[in-house]
Amino acid sequence: MLWSLLKIVLFVVLIAAATIGAGMIMEADGGVRIAVGAQEFNLGPLQAILALMALVAAVWLAIKVVNFIVALVHFLNGDETAISRYFDRNRERRGYEALADGLMALASGEEKLAMTKAARAERFLHRPELTSLITAQAAEMSGDKRKAEKMYKRLLADERTRFVGIRGIMKQKLEEGDTEVAMKLAEKAFALKPRHAETGDILLALQATQNDWAGARKTIGSKVRTGALPRDVGRRRDAVLALQEAKDVFRDGNSIRAREAAIEANKMSPDLIPAAVLASTSYLEQDNPRFATRVLSKAWQVQPHPDLAAAFAAIAPDETPKERLKRFKHLTKHHKDHPETRMLLAELHIAAGQYDEARKALGDLVETAPTQRTLTLMAAIERGEGGDDASVRGWLTKAVTASRGEQWVCEKCNHVHIDWTPVCDNCGAFDTLSWVVPSEGDVRRGGTEMLPLLVDPPAAETEAPEPEAPSETPEAEIIEAGEEGGEDAASVGDEKPAN
Ligand SMILES: [Zn+2]
């Protein structure tokens, strides 16, 4: 209020001053005389001031016009000027807005909108590595595989986006089941980014399913080198692959090379049971039972396993049960309380007719770990000791419904495998099988397979108490532990090379 009043007062004062000033100038004598050639201009004082003001205005205008002309020339030349900068910024802003909208649409599952926004962003931004990616993802979401592939191919052009493009096409090929092309793409992608864990795993799985063991070993090697895989895990996986390589060479009939490969695999990972079994077979072929004994005993020290026992039996197939019992001390002196060791001992004693010892070896396993195998062994002991049919049958009846104990179970999908394999049959994961009791009652191993040793040579035909007869081991023999042919079956596949 006061300020408004002040302004009015100030305005009145200024007007008054100007009027008085103008009056004084008009009344003043003299002026400005400008002579241009013969022409002469006489300006009064007021006129002189007005002329000066006009001159200043003219000069200011002239400078502005010249600046504008210079800017225009630059603009027409394509140079960056305020004008072009202004338009650029505007375009960029709209481009990024469209890009952001596209990403949002993609995340919320509106693939059509995402594609439209991506196309708009591309018009403004000219950043195909960003916009093609959105379009490709949106196209994939909407099921437009051809468009997605086209976009991924566009990404191949730029070095920065090549990996994304290859990976996109690779995933498409995987989905289509074109593993051959997918593998080539995986190789390329892996070469670009050896530290990319997912690509390495995909490549490895593909190589494993295509039995390209040598290629897979290379992949493992570079994964270890780049630090994407811990050294010990790498070593173990390399051993698994070396083992598979050896198996293939065995199949091809090149037994000398295969033996070496098997022994190498065993050396890399002495705890890898199938590798130990194969190495033992290789040593036996070289007439080297001492080394065969050593590798099996070493593996047994890590983890007792029926396959190891079966391979150990194969070292001296013709020995008597007593000799066998003695020779098996190499294994049974380790892990004395391990169920596997106790079952093995029980089995060996049954074969030697020492039922009391067998019962002692088995101990309380029938109560603490009642599996088909322990219960069948118990039936054999019962029969051997002259127990009546009813009690023998009692044990066998229990065995039918009992757990089958430890099996090769995939840690990833819990699929149960009859034999060890490097790649899970169900989920395709690599080296995930471990010898454990499956969590669910998904049982595969039959009773006859559970007892790995050929305990008693005079074999008699018996029925084994198993719901599903496994046909995988035709060499599995069912033998009779007691005097007469009966249900008391202790059984064995004699030497059973894994796989
Ligand atoms: Zn699996």
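His-126 counts as exposed, because its relative accessibility is 55%. Exposed here means over 50% relative accessible area, buried means under 20%, and partly exposed is in between, with a 1.4 Å probe and protein chains only. Before I go on, two notes on the source. This is a predicted model, where local features need pLDDT of at least 70, side-chain atom pairs count only at pLDDT 80 or more, and totals for chains, interfaces and linings use all residues. Residues are numbered from 1 along each chain as its sequence is written, and side-chain values use heavy atoms, with hydrogens and water left out.

Back to His-126. Where is the place of His-126? It is in the loop between α4 (111-125) and α5 (128-141). Helices are DSSP runs of H or I with at least four residues, strands are runs of E with at least two, and the numbering goes from the N terminus. The phi of His-126 is near 55°, a positive value in a residue other than glycine. Most residues other than glycine have a negative phi.

Asn-211 also belongs here. Its phi is positive, about 60°, although Asn-211 is not a glycine. Asn-211 sits in the loop between α9 (197-209) and α10 (213-225). Asn-211 is partly exposed, at a relative accessible area of 44%.

Next, the patches. Patches are made of residues with over 30% relative accessible area and no salt bridge; like charges are joined within 9 Å, and nonpolar side chains (Val, Leu, Ile, Met, Phe, Trp, Tyr) within 5 Å. Accessible areas come from the Shrake-Rupley method with a 1.4 Å probe, and for residues only the protein chains shown count as cover.

The nonpolar surface patch covers about 1200 Å². Its members include Trp-60, Phe-68, Ile-69, Ile-83 and Phe-87. Which helices each supply at least two residues of the nonpolar patch? They are α2 (45-77) and α3 (82-107). The largest share, 9 residues, comes from α2. Take Ile-69 as one of the patch members. Ile-69 is in α2. Ile-69 is partly exposed, with a relative accessible area of 47%.

Now the positive surface patch. Arg-146, Lys-147, Lys-150 and Arg-154 form it. Lys and Arg count as positive, Asp and Glu as negative; His and the chain ends are not counted. A charge is placed at NZ of Lys, CZ of Arg, CG of Asp or CD of Glu. Lys-150 lies in helix α6 (residues 145-156). Lys-150 counts as exposed, because its relative accessibility is 51%.

On to salt bridges. How many salt bridges does the structure hold? There are 26. The criterion is a side-chain nitrogen of Lys or Arg within 4 Å of a carboxyl oxygen of Asp or Glu.

One of them joins Glu-175 and Lys-145, with the closest N and O atoms 3.3 Å apart. Glu-175 is in helix α7 (residues 162-176) and Lys-145 in helix α6, so this pair ties together parts that are 30 residues apart in sequence. Glu-175 is exposed at 60% relative accessible area. Lys-145 is partly exposed at 37%.

A second pair is Glu-176 and Lys-173, whose closest N and O atoms are 3.8 Å apart. Both are in α7, 3 residues apart, so about one helical turn separates them. Glu-176 is partly exposed, at 44% relative accessible area. Is Lys-173 buried or exposed? Lys-173 counts as buried, at 15% relative accessibility.

Arg-359 is partly exposed, at a relative accessible area of 30%. Glu-382 counts as buried, at 16% relative accessibility. There is also a network: salt bridges that share partners join Arg-127, Glu-129, Asp-158 and Arg-160.

Stay with α19, residues 355-362. Its buried residues are Tyr-355, Ala-358, Ala-361 and Leu-362. Why are they on the same side of α19? Because they cover an arc of only 115° around the axis. That arc is taken from the directions from the helix axis to the C-beta atoms. The face turned away from the buried side of α19 carries the exposed residues Asp-356 and Lys-360.

Last, Leu-278. Leu-278 lies in helix α13 (residues 273-285). Leu-278 is buried, at a relative accessible area of 8%. The C-alpha atoms of Leu-278 and Ala-261 are 9.6 Å apart, with the two residues 17 apart along the chain.
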